[in-house]
Amino acid sequence: MDILKEISECLQQGDDQKVFAFTKQAIEEKVPPKEILECGLIGGMNIIGEKYRAFEIFLPDVLMAAKAMYAGMDLLKPLFIKEGIPTVGKVVIGTVQGDLHDLGKNLVGIMLKGAGFEVIDLGNNVPPERFVETAKKEGAYVIGMSALLTTTMPVMKRVVDLVKEEGLSGRIKIIIGGAPVTEEFAQKIGADAYAYDSVDAVESVKKLLKKP
Amino acid sequence: MREIIEIPIDDAKPERFDVLKTQGIPFGNDLPEKVKTLLKRAIDLFLEFSQPLGIVSDISIPEFGSVYHGEGLNEKENPLDKIFKKADNLALFAITIGEKVSKKIDQLFKKNEFALGSMLDSVASAGTDKAVDIVENHFLNLLSNKGEITPSKGMLRYSPGYCGWHVSGQKKLFEFSHPEDIGITLLDSFLMKPLKSISGVMVIGEKEIFKFEDSYPFCDQCKTHSCRDRIRALFRESRPDNKKGVV
């Protein structure tokens, strides 16, 4: 079997040790790192995403695949840095000020990295200004915010307003999610997208950045 | 009456179904071996790292009226406002399974053990709910032993942040029942720490008082409408699933 297909298959099975071994082998066989990433790792994760959306697999399968993805990525990262290969895009994520729930946000970060994005995770209890400052400083095109408390949802609007006030609305897109957050709320506060779960978040971010 | 309850960890072990539901796995699905192994490992970690504790405090209707009013931010029309005034008994409760589980979940994520971390989070959430059931049963038994429970009576619990009870209600609830005594603290955003904690009020009364239509303005924002199942369970009714139906 083609080694990139092997990587993709093993990733879909959540076999991190085999993904590590095949990625190492592919690097040794001089397969271009970008090809290993796009055809092997991201290719496998894309199939995982499709299967998840079709209810053929469930969250544990997705997360085992993500772990396998990371095993391969750990080998590729130094090569990308060395060769100056840019990532798919930068995304700043965090749980909004006043909220400490970060499981959902962590899952979004894992899945975004799995799709090849560079993720700057600000953690939880993040003040509105920090989202915007970091996005500006890092040249990120997307801010992703999570909230699990209705009382902390207004912080999301504050970030949207800050981005507008700084005249960055066209450049920095905002995506929000979390248990009490809805599509309607996202529209009401002027966010660019709402994500139902981590897999949906990846698709939404891709659409925002017009990535295939 | 105010009592701190040490909940035996084995009693708080959640049902498989409740855990898998939060993982998005429908009931009846044949689980792959690796998911079964993951679930077993997560339950073992839950049993190792959880320290469930509960606190329950009697409260009179006028006292609860003040707690419930909270910071004055509740929805103008809401079901609990009508229900608690007709109650026979009320008790504030708070339970936690402690901070160690949350720390373990964080550690697992940092080690790229995402599936196990996420499964442990689901086990811990379901275990926290189960611990509340235990505290609820404990309180119900106390009343039953005093002869205060009859077949026409039932008990339901409500928490700040749900069904029109504004989450800022936590402030007065904490002032009255002091969950700090079992290690729960309240942050400025009214979030409880440890995260795997639940607080609220247990309402005991004639089953009829719990009926309401889920047609309040805020019901449209609710993603679960779990009140329907809770009320149905109280009456042990068997009826087709009707998300917006009248109980």
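Reader: How do you know that residues of chain A are in contact with residues of chain B?

Author: In this predicted model, two residues count as in contact if their C-beta atoms, placed from the backbone, lie within 7 Å, and by that criterion 22 residues of chain A are in contact with 23 residues of chain B. On the side of chain A that touches chain B, α4 and α5 (103-114) of chain A each supply at least two residues, and α4(A) gives the most, with 7 residues.

Reader: What makes up the side of chain A that touches chain B, when its residues are divided into nonpolar, polar and charged?

Author: That side of chain A divides into 12 nonpolar, 8 polar and 2 charged residues, where Gly is counted among the polar ones.

Reader: What share of chain A counts as buried, and what makes a residue buried?

Author: A residue is buried if 20 or more other C-beta atoms lie within 10 Å of its own, and 51% of the 212 residues of chain A count as buried.

Reader: What are the domains of chain A, and how do you know that they touch?

Author: An automatic or database domain assignment is the origin of the bounds, and chain A is divided into domain 1 (3-83) and domain 2 (90-208). The C-alpha centres of these two domains of chain A lie 26 Å apart, and with the 7 Å cut-off between C-beta atoms, 9 residues of domain 1 of chain A are in contact with 7 residues of domain 2 of chain A. On the side of domain 1 of chain A that touches domain 2 of chain A, α3(A) gives the most, with 6 residues, and the residues of that side divide into 7 nonpolar, 1 polar and 1 charged.

Reader: Where do the domains of chain B lie in its numbering, and how many residues does each give to the contact?

Author: Chain B is divided into domain 1 (2-210) and domain 2 (211-247), and 20 Å separate their centres, taken over C-alpha atoms. The contact takes 11 residues from domain 1 of chain B and 9 residues from domain 2 of chain B.

Note on methods. Residues numbered from 1 in each chain as written. Chains lettered and ligands numbered in written order. Predicted model: local features only at pLDDT ≥ 70, side-chain atom pairs only at ≥ 80, totals over all residues. Helix = DSSP H or I, 4+ residues; strand = E, 2+ residues; numbered from the N terminus. Buried ≥ 20, exposed ≤ 12 C-beta atoms within 10 Å, placed from the backbone.
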